[in-house]
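Subject: Structure handover

Hi,

Here is the structure I promised to pass on. Please open it alongside this email.

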Amino acid sequence: MADQRSKTRAGKRPVAAGGASELVFLALGGLGEIGMNCYLYGTGPADRREWLMVDIGITFPEGEFDPGVDVILPDLRFIEDEQINLAGIVITHAHEDHFGALIELWPRLKVPVYATPFTATLLKAKLAENGNRTKINIREIPVSSQFKVGAFDLEFVAVAHSVPEPQALVIKTADGKVLHTGDWKIEPTPYGSSTDTDGARLAQLGIEGIDAIICDSTNAMREGRSPSETDVAKSLAEQIGKCTGAVAITIFSSNVARIQAISDAARASGRQLIVAGRAMHRMIAVAIETGHLRKDFRSHDQDHFQHIAPEKALLLCTGSQGEPRAALSRIADNEHPVVKLTARDTVIFSSRTIPGNEKTVGRIQNKLVERGINIVTDNDALVHVTGHPRREELKEMYAWVKPKLAIPMHGEARHMAANAALAKAAGVPQVMVVRNGDIVRLAPGGGAVIDEAPTGRLYRDGRLLVESTEGPVRDRRKLAQVGIAVVSLVLDTKGQIAADPDVVLDGIPETDVNGHDVLDLVLDAIDNTLRSVPPKRRLDQDKIEDMVKKAVRSTIDHAWGKRPIVKVMTATVEAK
Ligand SMILES: [Zn+2]
Ligand SMILES: [Zn+2]
């Protein structure tokens with residue numbers, strides 16, 4: 001695989017031997033990471049390939065590695081260049097890591113978007129909140145149905161997950177047939193409107209013949225089977241039943257079955273359901289509209305919290321990942337305008353902490369505990385389950401589908417390796433672990449990496465999208481580590497020093513280990529450098545600035561042991 005890669009060049013068009021027609025797979029995000037899912041399937045000969053996009057998600061920045069970044073989106077360069085050959089975008093389910101980049105990046109692609117009624121309605125609600133500035137061509141496709149997009153014959157197969165209407169996607173072309181699992185698990189006892197993974201249909205597809213499966217790896221390192229959402233509902237009702245004061249529960253707002261379970265627990269414990277957070281209100285409205293919450297679903301806005309006794313309140317709120325502006329963070333800081341919790345109250349974390357958010361979630365939990373508030377997490381009781389398949393469930397999938405080729409997705413390297421080993425042990429004849437950017441032939445003739453496409457990340461930085469590799473975020477990362485020295489020189493048109501140099505040091509220590517003033521050391525270094533060059537040669541501005549820059553950097557390195565960013569600017573004045 002590595003050999004094949006080294007022979008190709010990023011960005012070069014894929015070339016198949018003899019221009020044969022093939023079914024190919026390419027991830028622009030989602031391999032080697034959990035997040036930013038964005039996959040492409042192509043059919044036809046390399047020079048006349050038609051493409052289908054499956055999902056277009058975001059991922060979240062990792063604190064100090066991405067200073068000032070709000071959200072990370074996939075770099076779509078490859079398919080933007082091929083836009084004319086892109087037939088459409090299919091969304092498997094309404095999680096941010098699968099559809100969160102759509103609204104921002106759709107204007108670069110402008111092709112129809114296919115989604116189930118719940119996902120489509122949620123998308124429209126988000127667009128409306130943005131003032132409908134983007135008009136996306138959204139086509140609603142019923143769950144478990146067949147449809148056609150360009151040269152692709154598609155079929156949604158219902159799976160179980162942690163959001164309404166999750167779908168696996170069967171992609172059939174003249175060149176082969178692939179199952180893209182999306183995010184899934186097996187759920188024998190679904191709660192609320194959820195359904196189980198359609199094993200019967202998957203087994204049927206296995207009999208008909210599947211060339212390749214692209215499969216969720218998130219929990220491939222976890223033994224056994226994942227617990228059921230119905231068990232969580234029971235356990236939540238038990239936990240709430242034991243509480244004497246107010247109860248606040250934080251969940252992922254898209255987990256509508258969990259919202260139904262919490263509403264049912266409120267009723268069973270004689271509490272009133274109160275909802276805080278805009279995302280939660282939007283989700284509930286969309287879920288009622290699309291039939292995923294029962295018609296008799298009742299909730300109150302957060303203002304109601306002040307009007308009832310604490311033991312009558314069950315507060316459902318956003319902020320399970322420690323988001324600073326969300327309801328839970330403000331409650332923990334005791335800065336929420338209406339919701340005040342006290343020492344006899346309880347907060348239940350009915351969610352998983354996404355890796356990278358441990359510190360912020362921990363901070364909120366510590367604040368609550370310091371104030372004597374009882375907290376319940378999934379370490380204490382069954383108050384959350386995963387939406388992804390553990391090992392026994394993965395085995396079942398491979399047994400149903402009996403693919404000729406398996407490619408793990410939706411996992412970091414270790415999760416994908418575990419899924420690959422499991423697929424092999426389950427008897428899949430060919431298993432390939434590939435990376436974002438690998439163009440992989442799936443069929444006919446077995447899997448192979450045949451080329452490489454450019455991939456990358458875009459950072460949402462304020463109101464702009466910037467590239468991650470060369471962009472301002474890289475400079476900020478460096479600034480945060482080493483600080484900056486800014487030097488201003490004033491020379492005249494004969495190269496004489498017309499004024500004393502000016503220096504600003506930011507983020508750099510004031511004195512060295514011997515107590516010498518770093519600013520004085522820097523000024524001396526500049527002075528020596530300028531004087532070492534005859535006036536005439538100082539007229540070469542680039543050269544003199546470069547010399548000063550090097551002198552300042554090495555002086556600070558000598559004093560501090562770190563090399564800062566140095567900027568030198570020269571003003572030129574008329575010689576007297
Ligand atoms: Zn998901
Ligand atoms: Zn996902």
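Some housekeeping: residues are numbered from 1 along each chain as its sequence is written, and chains are lettered from A and ligands numbered from 1 in the order in which they are written. This is a predicted model, so to speak of a local feature I needed pLDDT of at least 70, side-chain atom pairs count only at pLDDT 80 or more, and totals for chains, interfaces and linings use all residues.

Overall picture

The mean pLDDT (the predictor's confidence in each residue, from 0 to 100) is 92 for the chain, with 96% of residues at 70 or more. The stretch to watch is residues 1–18, where pLDDT stays under 50. The model has 21 contacts beyond four places in sequence for that stretch, a contact being two residues with C-beta atoms, placed from the backbone, within 7 Å. Where pLDDT is low, the predicted coordinates should not be read in detail.

The chain has 16 helices and 27 strands; these are DSSP runs numbered from the N terminus, helices being H or I with at least four residues and strands E with at least two. Its C-alpha trace spans about 90 × 75 × 45 Å along the principal axes. Of the contacts between residues at least 6 apart in sequence, 72% join residues at least 24 apart.

The two sheets

Strands count as paired if DSSP finds at least two bridges between them. One open sheet has eight strands in the order β7-β6-β5-β3-β2-β1-β21-β22, with mixed pairing. Ignoring direction, neighbouring strands here are turned by 25° against each other on average. Seven bridges link β1 (22–29) and β2 (38–44) in the antiparallel sense, and Val 24 has Gly 42 as its bridge partner in β2. Helix α5 (117–129) packs on this sheet, touching β6 (113–115) and β7, and its direction makes about 150° with that of β7. Axes are lines fitted to C-alpha atoms, for helices over the stretch in contact, with angles from 0 to 180 degrees between N-to-C directions.

The other open sheet has six strands, ordered β15-β14-β16-β13-β17-β18, with parallel pairing. Because β15 (300–301) and β18 (374–376) stand at the edges with a single partner strand each, one side of each is left without a neighbour in the sheet. Helix α9 (278–289) packs on the sheet against β14 (272–276) and β16 (313–317), at about 120° to the direction of β14. Parallel strands β13 (247–250) and β17 (346–349) are joined by four bridges, with Val 247 partnered by Thr 346 in β17.

A helix pair

The axes of α15 (518–531) and α16 (541–560) come within 9 Å and cross at roughly 145°. Residues meeting there include Leu 521 and Ile 526 in α15, and Val 548 and Ile 556 in α16.

A loop residue

Asn 85 lies in the loop between α2 (77–81) and β5 (86–90). It counts as partly exposed because it has 14 C-beta neighbours inside 10 Å. Beyond its neighbours within four places in sequence, Asn 85 is in contact with Arg 49, Glu 50 and Trp 51.

Cheers

Definitions and conventions
Buried ≥ 20, exposed ≤ 12 C-beta atoms within 10 Å, placed from the backbone.
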